[in-house]
Amino acid sequence: MSIRAAPPYSAAVALCAWLVMLFVLLPVAFIALYAFNDTAYLALPPRGLTLHWFANFFANTRFRDALLSSLVIAFAVTPAALLVALPAAIALVRYRFPGRELVNVALMSPLVVPGVVVGISFLSLAAALGLGLGTSTLIVAMTCLAFPFALRALVANLHGLDPALEDAARNLGATRLRAFALVTLPQLKPGVLAGGIFVFVEAIDNFSTAVFLTNSRTTTLPVEAFSYIRDFDDPTVAAMAVLLMAFSAVLVLAIDRLVGLDRLLDLH
Amino acid sequence: MNADERRPWLLLLPALLTLLVFAVAFAMFVSVSLRTQVAGSAVFAGAATFGNYRAALASPAVQDAAWNTVRLAGEMTLLTALLGYPLAYVVARSPSPLFRRGVLFGLVLTLLSGGVTRAYAWLVLLGNRGLVNQALAAIGLPTVRLVHNETGVVIGVVHFLLPFFVLTLLAALRGIPVALEDAARNLGASRWRAFVHVFLPLSIPGLIAAASLSFAGALSAFLFPELLGGGRVRMAANLIYERIVTDYNLPRVAAMAALFLVLALAALAMLAILQRALARRFAPAAEAA
Amino acid sequence: MTAAGSGTRGRRLDIEGLVKHFGATPAIDSVTLSVPPGALVTLLGPSGCGKTTLMRTIAGFVVPEAGDVRVDGRSIVRLPPERRSTAMLFQSYGLFPHMDVTGNVGFGLRMRGVPQAERERRIGDALRMTRIAELAARFPAQLSGGQQQRVALARAIVTEPDILLLDEPFGALDQALREHMQVELRKLQQSLATTALVVTHDQHEALMLSDLIAVMNAGRIEQFGAPSEVYDRPATRFVAGFMGVENLLAATLEDGRACAGPLIVAGVDGAARSASASATLAFRADAVRIEAAGSAGSAPAHVVFSSHRGSTVLYELALADDRTILASEPRSGGDVRSPGTAVGVRVDANACTLLTA
C-alpha cells in the first residue's frame with residue numbers, strides 16, 4: 001500500500017514510457033488502417049475504406065490452403081503440447097528425484113535452439129527416414145519446439161498452489177487421480193490458458209522452422225504471406241494480419257475475463 | 001525403484017519422448033553435417049569427416065555472417081534494453097492501475113499478433129512511400145532509406161523483442177520492495193539518487209535475464225532480416241537458408257548450422273554465468289527471475 | 001554521535017488540522033497534535049485507523065489536503081521527503097540488500113555529503129550505540145531479525161534527525177526479543193533526547209515506551225495523554241475497549257449514582273454533574289470485588305464460567321438482569337468457584353470511569 005504524493009519518476013521519464021508504448025503499438029494500428037485502405041499504396045489520409053483486400057485474401061486459393069494448414073497444425077499442436085507438458089510439470093514441481101535440475105534444463109532446451117537449426121534438424125530427420133514433408137512433419141516439429149512454452153507456464157502456476165489441498169482431498173476419500181482432477185486441475189486454468197495460447201501462437205506464427213519444412217503442397221500462413229510479399233505490393237497481407245490481430249484481441253480479452261491479465265503475466 | 005520413485009519418471013515419459021524425437025532429429029542433423037554430399041545428387045557418400053566444418057570456418061561468407069550476427073544482435077539487445085527499461089520501470093512504479101493494465105494489454109496484443117504481421121507492417125511503414133517518408137515529405141524533408149538495409153532490420157527486431165523484454169523485466173522489477181526507495185528518500189536521497197543507488201543496482205539481475213532472452217531471440221533472427229534487409233543483411237540464419245535454397249548441399253549447411261548453434265549456446269552460457277554472479281551479489285532482493 | 005546535553009536538542013513537533021482522504025473515506029480526519037521536545041509519543045490504534053498514514057505524512061510520502069506539520073515552528077509540509085530531517089524506521093526495516101551494514105548505516109550521511117572521515121566516525125558511534133559494531137561488514141541477508149532492526153535503527157539515528165519515526169518497529173520480533181528491544185529503544189531515545197513518534201497497535205508496548213499516547217480511531221485522535229491517564233481514565237468507549245477495559249455497561253445516572261441494572265456504584269467521578277441521564281460505566285475486571293452472596297451493598301450474581309490465568313482467576317458473572325461482567329481476582333489458596341455459585345459483586349467507585357461517547 002503506497003499511495004504517494006507523486007510517482008517516483010519524473011514527467012520526462014513518464015513521457016519516455018509513453019513514447020516507447022506508442023512505438024510498440026504503431027505498426028499494429030497502422031496495419032489495421034492499411035488493410036482497409038482504398039488504394040494499393042498507402043495514402044494518408046485514406047481516400048476511402050474498403051473490404052476489398054479481405055475478399056482478395058479469401059479468394060486466393062494458396063492463402064486459403066495455407067490458412068487451413070496453419071489452423072490444423074495449431075489445433076493439433078496445442079493439445080499435444082499441453083498433454084505432454086502437464087504431467088512433466090507435475091513431476092518437476094511436486095516430486096523430488098535425482099537429476100531433476102538436469103531434466104528441467106533439458107526439457108527447456110528447445111527454446112534456446114535457433115529456429116533454423118530446428119528446421120534443418122527435422123529436415124534431416126525426414127530425409128533420413130524417407131518421410132515426405134507435410135503437415136504431419138510440421139506437427140511433430142512444432143510440438144517438440146513449442147511444448148516448453150506450455151511447460152514453463154504450467155510450472156509457474158503449480159509453484160503457486162498448495163500441495164496440501166490434494167492431501168486434504170485424499171484424506172476425505174478421493175483417489176490420487178480424483179484429487180488431482182477435482183482440486184488441482186481447476187486451479188491450473190491460468191497455466192493452461194497461458195501455455196496453450198503461447199503454443200498456439202507459436203504454431204501459427206512460426207516462420208524460421210516452418211520455412212524449411214514446407215513445400216509446394218504444404219505451406220503455412222506465414223510462409224505463404226512471405227512469398228506473397230515478395231511478389232506483390234498490395235495490402236492483402238495486411239488484411240490477413242488484421243484477421244490474425246482481431247483473433248488475438250479476442251484471445252486477450254477472453255483471457256482477461258477468465259483469469260485476469262495480471263495473474264497470467266506472473267506466469268510469463 | 002519402488003512405486004513412489006517410479007512415479008515422477010512415468011509422469012515425465014511423454015515429455016522425455018518428445019525430447020527424444022527432438023534429440024534424434026538433432027542427432028540426424030549432426031550426423032549429416034559429418035557426411036559429404038556427392039555432387040549433383042542427394043546422396044551422401046564417404047566416411048564421417050569434419051571437412052564441412054573446416055570449409056564453413058574458412059568461408060568468408062560464414063565469417064561475415066557470424067560477425068554480423070553477433071554485432072547486430074548486440075545492437076538490437078542494447079536498443080531493446082534502452083527502450084524497454086524505462087517502460088518497465090514506469091509500469092512497475094505507476095500509481096495508476098489503469099495505465100498498468102493498458103500497457104499489459106497492449107504488450108500482450110502485440111506479442112500475439114505474430115512476427116510476419118509486424119515485419120510486414122514495418123516494411124510498409126518504413127518504405128520509400130511509407131508512412132514515415134510521407135510524413136517527412138509533407139514537412140519538406142528528404143526521404144530516408146529506412147528499409148532494405150540494416151536500419152530497418154534493427155527497428156523491426158527491436159520492436160519484436162520489446163514485449164518479451166518488458167514483460168520479463170517487469171516480473172523482476174515487481175520484486176523490488178517500494179519501501180527501499182522510500183527508505184533512501186527518507187535518508188536524504190532525491191528521487192533520482194534513490195533510483196541510481198537503490199533501484200538500479202537491485203534491478204540488474206532481472207535486467208540481465210531479460211536481456212539474455214532478447215539476445216537469444218536476436219541471434220536467431222531470420223524473418224526480419226529476410227524481409228526487411230533487402231538481401232543486404234545476412235545474419236547466420238539467412239545465410240543458412242540461402243545456402244539450402246541455392247546449393248542444397250545439406251551436409252555443408254548442417255555444419256554451418258551446427259557452428260551457429262555452438263555460437264548461440266556459448267553466448268547464452270556466458271550471459272547465464274554473468275547473471276548467476278550478479279544474483280549472488282544482490283541475492284536476497286528477489287527470487288531468481 | 002552526540003548524546004543528550006551536548007548539542008542534540010529535542011525538537012518540538014506540531015501537527016495541525018491534517019486532512020487526507022483516500023477516495024471517499026477520510027484516512028486522517030482533521031488531526032491536531034503537539035509533541036513536546038525530546039518526548040516519545042505513541043500513535044496507538046487498530047489497523048486502518050490512520051496512524052501509519054499520519055506517520056507517512058510527517059515523513060513526506062503523503063501530501064495532505066489541508067493542515068500543517070511544523071518542526072520547532074517551521075512548516076515542513078511542502079518539503080519532499082529527502083529535504084525533511086525526519087528519519088524513519090520502516091516496518092520491514094527497508095535495509096538495502098546490496099550494501100553491507102556500514103553502507104546501509106552511512107547512506108544518509110553520503111546523501112548529505114558528509115566527508116568520509118567524519119562519516120566513518122559517526123557510523124562507528126551509531127553502531128556502538130546500537131551494539132552491533134561487530135556486524136559492520138555483514139550483509140542484511142546474513143543478519144537475524146533483531147540484528148536487522150538494530151541496523152535500521154542505527155541508520156536512522158546516525159543522521160541526527162529532528163524527529164525519529166518508528167513504524168511498528170517490533171512487529172516482526174518474537175516476544176522475548178521484543179520486550180528487550182523495547183527497553184533498549186527507550187533508553188537510546190532518552191539518552192539522545194530525540195523527539196520520537198512510534199506507531200503501534202499493541203497497548204502494552206505503548207504503555208511501556210511512551211511519554212504520551214495518542215489513541216486513534218478512524219482517522220481521529222480520541223485521546224491524547226500520559227499512559228496512566230489513558231489507562232486509568234479512558235475518554236471514550238473506543239479507548240476503553242482498546243486499552244483492555246473488560247466491562248463497559250450501559251448505565252443510568254440518578255442522584256449521583258450510576259445504575260447499571262442491579263449494579264449500583266455511588267460516587268463515581270462526574271456522575272453528579274453529568275448533563276445527560278445515561279452513560280457507559282467502564283471498569284476493569286480487577287476492579288470487581290467478589291463477595292459472599294447477599295453481603296451488604298453488593299449486587300447479586302452467579303458464576304457462569306471461570307478460567308485460570310496463571311496468578312489470577314478470571315470469572316464471567318451474570319447479574320440479575322442477565323448481563324454479564326468479567327471479574328478477576330488473585331488466586332487464593334481456596335477453590336475456584338464453580339459455575340452456578342451465587343455471589344455478590346461490588347465495584348469501587350475510584351476504579352470506574354463514566355463515558356458518554
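Helices here are DSSP runs of H or I with at least four residues, and strands are runs of E with at least two, numbered from the N terminus.

**Figure 1. Chain B and its run of helices.** In this predicted model, chain B has 12 helices and two strands. Walk along the sequence and you get α-β-β-α-α-α-α-α-α-α-α-α-α-α. The C-alpha atoms sit in a box of roughly 75 × 75 × 30 Å along the principal axes. Out of the 289 residues of chain B, 53% count as buried. Take the contacts in chain B with a separation of 6 or more: 75% of them come from residues 24 or more positions apart.

**Figure 2. Where chain B meets chain A.** Chain B puts 79 residues into this contact and chain A puts in 75. On the chain B side, helix 1 (residues 3-33) supplies the largest share, with 17 residues. What classes of residue make up the side of chain B that touches chain A? The tally is 58 nonpolar, 13 polar and eight charged. For the model as a whole, the scores are ipTM 0.85 and pTM 0.80.

**Figure 3. The two domains of chain C.** Chain C splits into domain 1 (13-238) and domain 2 (245-355). Going by C-alpha atoms, the centres of these two domains of chain C are 40 Å apart.

**Figure 4. The largest nonpolar core.** This core holds 282 residues, and the ones touching the most other members are A:A85, B:I240, B:A257 and C:L165. Helix 3 (residues 61-94) of chain A is the top contributor, giving 17 residues. Domain 1 (13-238) and domain 2 (245-355) of chain C both give residues to the core, so it lies between them.

**Figure 5. Zooming in on C:L165.** Which residues does C:L165 contact, once its neighbours within four places in sequence are left aside? They are C:M55, C:I58, C:A59, C:T86, C:A87, C:M88, C:L89 and C:L197.

Figure 6. The average pLDDT of chain C is 89, and 97% of the residues score at least 70.

Notes. Residues are numbered from 1 along each chain as its sequence is written. Chains are lettered from A and ligands numbered from 1 in the order in which they are written. This is a predicted model: local features need pLDDT of at least 70, side-chain atom pairs count only at pLDDT 80 or more; totals for chains, interfaces and linings use all residues. pLDDT is the predictor's confidence in each residue, from 0 to 100. Two residues are in contact if their C-beta atoms, placed from the backbone, lie within 7 Å. Ala, Val, Leu, Ile, Met, Phe, Trp, Tyr, Cys and Pro count as nonpolar, Asp, Glu, Lys and Arg as charged, and the others, Gly among them, as polar. Domain bounds come from an automatic or database domain assignment. A residue is buried if 20 or more other C-beta atoms lie within 10 Å of its own, exposed if 12 or fewer, and partly exposed in between; C-beta atoms are placed from the backbone. A nonpolar core is a set of buried Ala, Val, Leu, Ile, Met, Phe, Trp, Tyr and Cys residues joined through C-beta atoms within 7 Å.
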